[in-house]
Amino acid sequence: MKYISTRGQAPILSFEEAMLTGLARDGGLYVPQEIPQMSPADIAALAGLPYEEVAFRIMWPFLGESFTEDEFREIIAKAYASFGHAARAPMVQLGPNHFLLELFHGPTLAFKDFAMQLIGQLFQVALKRRGEKVTIVGATSGDTGSAAIEAFRGLDAVDVFILFPHGRVSEVQRRQMTTPSEANVHALALDGDFDDCQARLKDMFNHFDFRDEVRLAGVNSINWARVLAQVVYYFTSAVALGAPHRPVSLTVPTGNFGDIFAGYIARRMGLPIEKLVIATNRNDILHRALSSGGYVTSGVTPSISPSMDIQVSSNFERALFDAYGRDGNAVAQLMDELKGQGGFTISQGALQSLCETFASGRASEEETTATIKRLFAETGEILCPHSAVGVKVAGEHMGTTPMITLATAHPAKFPDAVEAATGQRPPLPNRMADLYERPERVTRVANDLAALEALIKERRAS
Ligand SMILES: *Cc1c(COP(=O)(O)O)cnc(C)c1O
């Protein structure tokens, strides 16, 4: 299997190379050259299998020569061993035809663990074989950073540095980043906001001397390996509800479009998904784009579902690439317009193609809170605010096809929003009940590129 860039000008890479590279050199995103197919019989055969076995069967055809079968099975086993639920991604029922897919049983209580735990193991095996080490630097508004630290802690081929905005992440998120004690973990509290963190990270990637010296690697959600890991639970959940004999629809709380794009890949592989519903909070660029054809940025407004407070949904480029008939030049032109003019218009044909697969909706802050409150009263289920955005939007797309809404984080990760809606402060799961007692280790850093680079060079184990 080979990987090509959505902008058509970067080298064609193997799975392993695409994973270690992250962003393509032409600024595009890597996608598989073709999509492996699962026949109805292949899909039916997944029924009742352990999550790890389904994960192997779904992902293996995308890997090509990069890993041996035994290696990859062991990687999967290690990746999901730390999850707090034997099913890994269990489902509960919310209503007659509505199901909630709980993706928050991983070590940091958000769905990002599904991908991050896997790529931690993939990086370790690939780098060991190559005799190489890398420095991972990530910027986070909360969930990505904690998931990355948890995935890479203690791995000897990797140093991991996470920049988070000082004073602007929830206490649970901060403690998940500052309490791991391994020497290769470095939590950096930057004096600035999330955009500053992301800007400094971009500066480091564009500073080639530094980038090469420390072997900088990225694990943000445009990394193809992260998308691939997320394809698996679309299969397990749909099969549990009767696929391939019965189609399903899914609603996905969306920010950077990485999670829902994995659903799109599952559909392209042959999983009978009727509709993939994009659920946005008040930062609703995707909902506006699908409704009007205009993909136009406006400022980010903070919300009670902060992991979806995103202006430019990076992975949407991958969907556009297919909608434009895999024309890399056309995509490059749109991205130039986005950069230069703050937006672009999706062509009629491409919009029509997107709307065959995707529907969309948005939830205001009030609607999100009201949904947490209503679900608690009706079912006893406590939703995190991101999942509540999904449940609200799913309600507008119910039909005869079963609807699965993805629950992307555990409510205990956002206790203030949940308490405001329900009067209940959701407790942390037992396995991390001592989070508030563990000692914290964090370095406060100025919003200054040279100082940051000096710190990283000094701290990493060379
Ligand atoms: C990251 C995140 C999202 C958004 O997922 P994307 O892949 O960026 O669309 C939604 N909910 C939670 C809790 C998240 O951490």
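## Salt bridges

A salt bridge here is a side-chain nitrogen of Lys or Arg within 4 Å of a carboxyl oxygen of Asp or Glu. The structure is a predicted model, and by this rule it holds 31 salt bridges. Side chains of opposite charge can pair when their charged atoms come close.

One of these bridges joins the side chains of Asp434 and Arg438, with 2.7 Å from N to O. Asp434 is partly exposed, at 37% relative accessible area. Arg438 is also partly exposed, with a value of 28%.

## Glu16 and its two arginine partners

Glu16 forms a salt bridge with Arg129, where the N to O distance is 2.9 Å. This pair connects distant parts of the chain: Glu16 belongs to helix α1 (residues 15-21) and Arg129 to helix α5 (residues 112-130), 113 residues apart. The side chain of Glu16 also meets that of Arg130 in a salt bridge, at 2.6 Å from N to O.

## The ligand site

The ligand is surrounded by 15 residues, and the closest of them are Lys112, Asp143, Gly255, Asn256 and Thr408. By residue class, the shell consists of five nonpolar, seven polar and three charged residues.

For Gly255, a backbone N or O atom is 2.7 Å from an oxygen atom of the ligand. Asn256 likewise places a backbone N or O atom 2.7 Å from a ligand oxygen atom. For Asp259, the distance from a backbone N or O atom to an oxygen atom of the ligand is 2.9 Å. On its own the ligand has 380 Å² of accessible area, and the protein covers 97% of that area.

Terms used. Residues numbered from 1 in each chain as written. Predicted model: local features only at pLDDT ≥ 70, side-chain atom pairs only at ≥ 80, totals over all residues. Heavy atoms only, no water. Helix = DSSP H or I, 4+ residues; strand = E, 2+ residues; numbered from the N terminus. Buried < 20%, exposed > 50% of the residue type's maximum accessible area, 1.4 Å probe, protein only. Near = heavy atom within 4 Å. Polar contact = N/O pair within 3.5 Å; in protein donor to acceptor, adjacent residues only side chain to side chain. Areas by Shrake-Rupley, 256 points an atom, 1.4 Å probe, with all protein chains shown as cover. Nonpolar A, V, L, I, M, F, W, Y, C, P; charged D, E, K, R; others polar.
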